[in-house]
Amino acid sequence: MACRFILQNLSKRHLLHSTFASRSASTLILAEHEGGSIKAQSLSAVAAASSISGDNPVSLLLAGSGSSLQQAAEKAATCHPSVSQVLVADSDKFAHPLAEPWAKLIQLVQLKGGYSHVIATSGSFGKNILPRAAALLDVSPVTDVVEINGPHQFIRPIYAGNALCTVRYTGANPCMLSVRSTSFPVPPISGDLKSGGASISEVDLSTLDEDSIGKSRFIKLSSEETDRPDLGSARVVVTGGRALKSADNFKMIEKLAEKLGAAVGATRAAVDAGFVPNELQVGQTGKIVAPELYMAFGVSGAIQHLAGMKDSKVIVAVNKDADAPIFQVADYGLVGDLFEVIPELLEKLPEKK
Amino acid sequence: MKIMVAVKRVVDYAVKIRVKPDKSGVETQNVKMSMNPFCEIALEEALKIKESGLAKEVVAVSMGPSNCVDTLRTGLAMGADRAIHVEASRDLVPLTVAKLLKKLVEIENPGLLILGKQAIDDDCNQTGQMIAGLLGWPQGTFASKVVFDKEKQVATVDREVDGGLETLCLDLPAVITTDLRLNQPRYATLPNIMKAKSKPIKKFTLEELNVEIKSDIEVVQVTEPPKRKAGVILSSVDELIDKLKNEAHVI
């Protein structure tokens, strides 16, 4: 109960502070880390912050426990020129990215820091956590943003990307956003920013509201081991649909992906049929990808699949059915049997340098 | 245990939508409307839990204008016991929907709240997470499998996440949002459609529930996405490789 009293008084003081300082932007980024490094997609959130306004100091919030967290913090301090501060929440409560402790953490950090914007990438972490935090802060978030037109105006896809909605946020600070990493590419950072890295500080968790923490427990994460690059950020993606007919046949897709140095993707139908695990699904409710080259084999091109890949630079489609909707978005189409085309491609494609 | 399921009436998933010429929104007049596919899955899961003996009652809830009642009747026809319609003449942002749901949860006291992970019209994917936050309940979002332990009063949820399948254990009461592979929703049979006509639908107005209507998001315009340039159909693998290498420069 005492914690709540302290928090309420903190919030009153900082509400005053934030309305005074509301003209200047400052952004809190909810970052993910793994194995001692910042995840690449979190950097997209930083890129998005830089496009909100020129002078927008960015604080990166990391949570976890142990040495890999501290390692990630060190790397975060020099990961991007816009990052001026790294906040570290070190506790067993954050051993896994659960929404309940994370939302309370964001509420605590926001009430203390009075940021004008809070941004996360629109992956399963950001999607799971940001709205819960927004409800605690009593603000409407804008999710899955693909374009930023100013500090409070954003564009987001609706109806599986068949329409774009421009929205204006008219509420109090913070303006909370989740952004599509494919829409905010990170320019290559030249060299090491060893000089002028960000400051690293520990978040004081003594006043963290315990209510609702502990009601959820992480049991396990099942992932497939793979040598293939990450689907969300690969330069080339090779996708198979239900026409592959079996999990065994999907090995052909794997081989082609390996030849091209590509990630493997799949349609909902292929995942439903059990050919591949769910994390390979590309589409409206799966992963959104925008690679240089997207090759779709035996994919009909349902609206919901297109939603996940139509921003690819070059799209190639191979399908036996000349009327398949996929050909309407493909730059290069081949009407043919994938069971003949793929082996021919494997034979004739130049070796990857 | 009572299960509450929130459902939304949306443009049918197979419809090819059109943006209105005045850019104020998407054309929904004379367009086929259906229960949001994720909401159907949510309702199906609630019904399965009830049929396995772990819950006594399934209550379907929807918020919006009077045509919401059509969607609620579909829910009742699928097997929900009762329905609640919160009448609202304007669009409600997810935060307002969450606050209204909180009021209903306080009235109805369910042990489980199930929602679809997102509505296929606005694709927001927010409401379930928000209501969980407001209630202080644990959340299991993007669920592809749910197993209950009545004795321990916990739900073990498999979630589809970027890295694969994450398994969480949640204390009840909890909020679950459904992903595509959780189940296959049943069709309403004709006898059940007839029975549904006499199942009760309680109506609430916004005033009665006394909830702050949030209006901090303004729609400026709705536009069509940029169209891709038309592509070409090629006649051989050799031609494809040539184009990819020498024209598109991607390999």
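This is a predicted model: local features need pLDDT of at least 70, side-chain atom pairs count only at pLDDT 80 or more; totals for chains, interfaces and linings use all residues.
**The interface**

Chain B brings 81 residues to the contact, and chain A brings 83 residues. About 6800 Å² is buried between chain B and chain A, with carbon and sulfur atoms giving 55% of that area. On the chain B side, the residues that lose the most area to chain A are Asp162(B), Arg181(B) and Arg228(B), which together make up 11% of what that side buries.

Between chain B and chain A there are 47 residue pairs in polar contact, both residues being at pLDDT 80 or more. Several elements of chain B each supply at least two residues of the side that touches chain A, among them helix H3 (94–108), strand E9 (164–171) and helix H7 (237–247). The largest share of that side comes from E9(B), with 8 residues. By type, the residues of the side of chain B that touches chain A divide into 41 nonpolar, 18 polar and 22 charged.

Strand E10 (residues 163–169) of chain A runs antiparallel to E12(B), and 6 bridges join them. Within this pairing, Cys165(A) stands opposite Val222(B) in E12(B).

**Salt bridges**

Side chains of opposite charge can pair when their charged atoms come close. The whole structure has 36 salt bridges over all chains, and the count between chain B and chain A is 7.

| Pair | Closest N to O distance |
|---|---|
| Arg181(B) and Asp272(A) | 2.8 Å |
| Glu51(B) and Arg186(B) | 2.7 Å |

Arg268(A) and Asp272(A) are 4 residues apart in helix H7 (residues 268–272) of chain A, so about one helical turn separates them. Arg268(A) is partly exposed at 39% relative accessibility, and Asp272(A) is partly exposed at 40%.

Lys348(A) is partly exposed, at 33%, and Asp238(B) is partly exposed, at 43%.

Glu51(B) and Arg186(B) form a salt bridge within chain B. Glu51(B) lies in helix H1 (residues 37–51) and Arg186(B) in the loop between strand E10 (174–178) and helix H5 (190–196), so the pair ties together parts 135 residues apart in sequence. Glu51(B) is exposed at 55%, whereas Arg186(B) is partly exposed at 26%.

Finally, a network of salt bridges links Asp138(A), Lys99(B), Glu212(B) and Lys214(B).

Conventions. Residues are numbered from 1 along each chain as its sequence is written. Chains are lettered from A and ligands numbered from 1 in the order in which they are written. Side-chain values use heavy atoms; hydrogens and water are left out. Contact means heavy atoms within 4.5 Å. Buried area is the accessible area (1.4 Å probe) that two parts lose on being put together, summed over both. A salt bridge is a side-chain nitrogen of Lys or Arg within 4 Å of a carboxyl oxygen of Asp or Glu. A polar contact is a pair of N or O atoms within 3.5 Å; within protein, one must be able to donate a hydrogen and the other to accept it, and residues adjacent in sequence count only if both atoms are side-chain atoms. Ala, Val, Leu, Ile, Met, Phe, Trp, Tyr, Cys and Pro count as nonpolar, Asp, Glu, Lys and Arg as charged, and the others, Gly among them, as polar. Two strands pair if DSSP finds at least two bridges between them. Buried means under 20% relative accessible area, exposed over 50%, partly exposed in between (1.4 Å probe, protein chains only).
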